[in-house]
Amino acid sequence: MGEMEQMKKEAEALKTQIEAARKAVHDTDMASAASGVAPAPRVQLKTRRNLKGHLAKIYAMHWSTDNRLMVSASQDGKLLIWDSHSGNKVNAVPLKSSWVMTCAYAPSGNLVASGGLDNMCTVYNLKTPVIKTVKELDAHTGYLSCARFLSDTEVLTASGDTTCALWDLETGKQKTVFLNHVGDCMCLSLSPDMNSFVSGACDSLAKLWDIRDGQCKQTFLGHTSDINAISFYPGGNAIITGSDDCTCKMYDLRADQELITYQDAALNSGVTSLALSMSGRLIFAGYDDFNCNIWDSLKGEKVGVLSGHDNRVSCTGVPPDGMCVCTGSWDSFLKIWN
Amino acid sequence: MDELDETQLKNHVDSLKQQLQFNREKTSVAIPELTKWIEEKINEDPFLNPDVLKDNPWVESSKCVII
């Protein structure tokens, strides 16, 4: 048997062993363990702000840590910084490439980043008298699907070239490359303690990575199509994923397995984005069918829906203080709800 | 896996060996801890505790006055 064949067999055998190890610790399921928990009430939210300003599809948005400012990215070639309270635009950043797929706000509030089909992550300084490009992070060989700041000196990216990378903003170079996915990486989420992150990809897998040693620690199976959205639970012990297979799933990191699937026979649109309420009890998931559905994360039931967009909901975000949820859409509007 | 070359496949196998070693917790322990964490935070969650949303930055707190 050739070496390659040998290794493929070994890989399959290891995967089978991993599944067996997961079954061995599966001594109860979510339905039983959460049976004593009262169901979440029906959630009915009002649109508090309708943010108009973009001239084309909105692809991404990200809250600032101040719970007030947010950045949005549109294929009209602009990043807009909004004061969500007043609804005013604070800044507009013209992009070199209008094919933007992601944007991010640094925790400090000093920097924002964007990236997309240009394969680059561009970082801008908002605090200089005129907004300046600080760095162009150029090494990915595929589109940039997601970027997140760890600090003003480190950025994590996910790319269509199947890798994720940790960049040093001072040198503009990749410090660590995270290799293990076999499909385009579509999304990433940082752990609350900043020591690890999870990524979702077109290989239907979610992976947990150690930021410092670059290793893939755990792989989560179950989805049957691209994972477009992923988020860490606020407590750090679980993750939620959203996929083109029209479902969201919760995976427990310590038990290393899927606990619950959020699905509905009537729902046959892919999940594009998701965000969690501050306790993690509610999942706000954006779908291709123009809605954002609200799920009770412990009971697996739909408890509300946000309708109002005239096109696909492409991004959702809850600020750190949990006071509202923002949805962004291909209809070019952002809405703030609570 | 068919797209991987020999080095990538070897790394893949090594990674799977590492992942197999992970010390898995029983779901009967992990799930209750997860639900406990959430339940403790529910009081602070503006979507689940209306009191927290009393000071809603997106709602006018005073009525309009006709002058």
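## Reading a two-chain interface

Author: Chain A and chain B share three salt bridges. A salt bridge is a side-chain nitrogen of Lys or Arg within 4 Å of a carboxyl oxygen of Asp or Glu. This is a predicted model: local features need pLDDT of at least 70, side-chain atom pairs count only at pLDDT 80 or more, and totals for chains, interfaces and linings use all residues. Residues are numbered from 1 along each chain as its sequence is written, chains are lettered from A in the order in which they are written, and side-chain values use heavy atoms, with hydrogens and water left out.

Reader: Why can such side chains pair?

Author: Side chains of opposite charge can pair when their charged atoms come close. Here, Arg254(A) bridges to Glu33(B), with the closest N and O atoms 2.8 Å apart.

Reader: Which residue of chain A meets Arg24(B) in a salt bridge?

Author: Asp256(A), at 2.8 Å from N to O. Arg24(B) lies in the loop between helix H1 (6-20) and helix H2 (27-41) of chain B, and Asp256(A) in the loop between E20 and E21 of chain A, so the pair joins two chains. Helices (H or I, at least four residues) and strands (E, at least two) are DSSP runs, numbered from the N terminus.

Reader: How many residues are in contact across the two chains?

Author: Contact means heavy atoms within 4.5 Å. By that rule, 66 residues of chain A touch 46 residues of chain B.

Reader: How do I read buried area?

Author: Take the accessible area (1.4 Å probe) that two parts lose on being put together, summed over both. For chain A and chain B that is about 4900 Å², 69% of it on carbon and sulfur atoms.

Reader: What about polar contacts?

Author: Look for a pair of N or O atoms within 3.5 Å; within protein, one must be able to donate a hydrogen and the other to accept it, and residues adjacent in sequence count only if both atoms are side-chain atoms. The interface has 15 such residue pairs, both residues at pLDDT 80 or more.

Reader: Which element gives the most to chain A's side?

Author: H1(A), with 14 residues.

Reader: How confident is the model?

Author: It scores ipTM 0.91 and pTM 0.95.
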